[in-house]
Amino acid sequence: MEEALEMEANEMAAKMDDGLQSVAIIYYPPCPQPELVLGFTPHSDATCITILSQVNGVGGLQVKTRDGSWVPVNILPNALVVLVGDILEVCRLNFLPSPLDS
């Protein structure tokens with residue numbers, strides 16, 4: 001990841017060394033009445049990265065583009081969705097902005 005982000009070797013580890021590291025696993029099962037779902041308010045993730053596995057064909061994730069429009073994140077079988085979090089955005093001085101998602 002450091003190479004892809006044009007960072008020095010071990011720079012990521014040095015920046016994260018004193019921080020809290022955690023993993024959250026959240027499962028969103030299919031809703032029996034999807035027409036009643038309100039969803040989440042738009043937000044960015046207060047993480048380094050967010051890795052999503054869209055199991056069970058449950059969609060609904062959208063990200064806001066730079067021009068302000070919302071686009072759906074299509075479900076790809078056996079694929080992971082990786083979102084830049086706020087922490088990585090700050091570490092890279094907005095080189096990779098943390099997207100708003102909903």
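Is Thr47 buried, partly exposed or exposed? Thr47 counts as partly exposed because its relative accessibility is 27%, where buried means under 20% relative accessible area, exposed over 50% and partly exposed in between (1.4 Å probe, protein chains only). This is a predicted model, in which local features need pLDDT of at least 70 and side-chain atom pairs count only at pLDDT 80 or more, while totals for chains, interfaces and linings use all residues. Residues are numbered from 1 along each chain as its sequence is written, and side-chain values use heavy atoms, with hydrogens and water left out.

**Overall fold**
- The chain contains 2 helices and 4 strands; these are DSSP runs (helices H or I, at least four residues; strands E, at least two), numbered from the N terminus.
- From the N terminus on, the order of elements is α-β-β-β-β-α.
- Of the 102 residues in the chain, 21% are buried.

**Surroundings of Thr47**
- Thr47 lies in the loop between α1 (11–16) and β1 (49–53).
- Beyond its neighbours within four places in sequence, Thr47 is in contact (heavy atoms within 4.5 Å) with Gly85, Asp86, Ile87 and Leu88.
- Leu83 is 36 residues from Thr47 in sequence, yet their C-alpha atoms are 9.3 Å apart in space.
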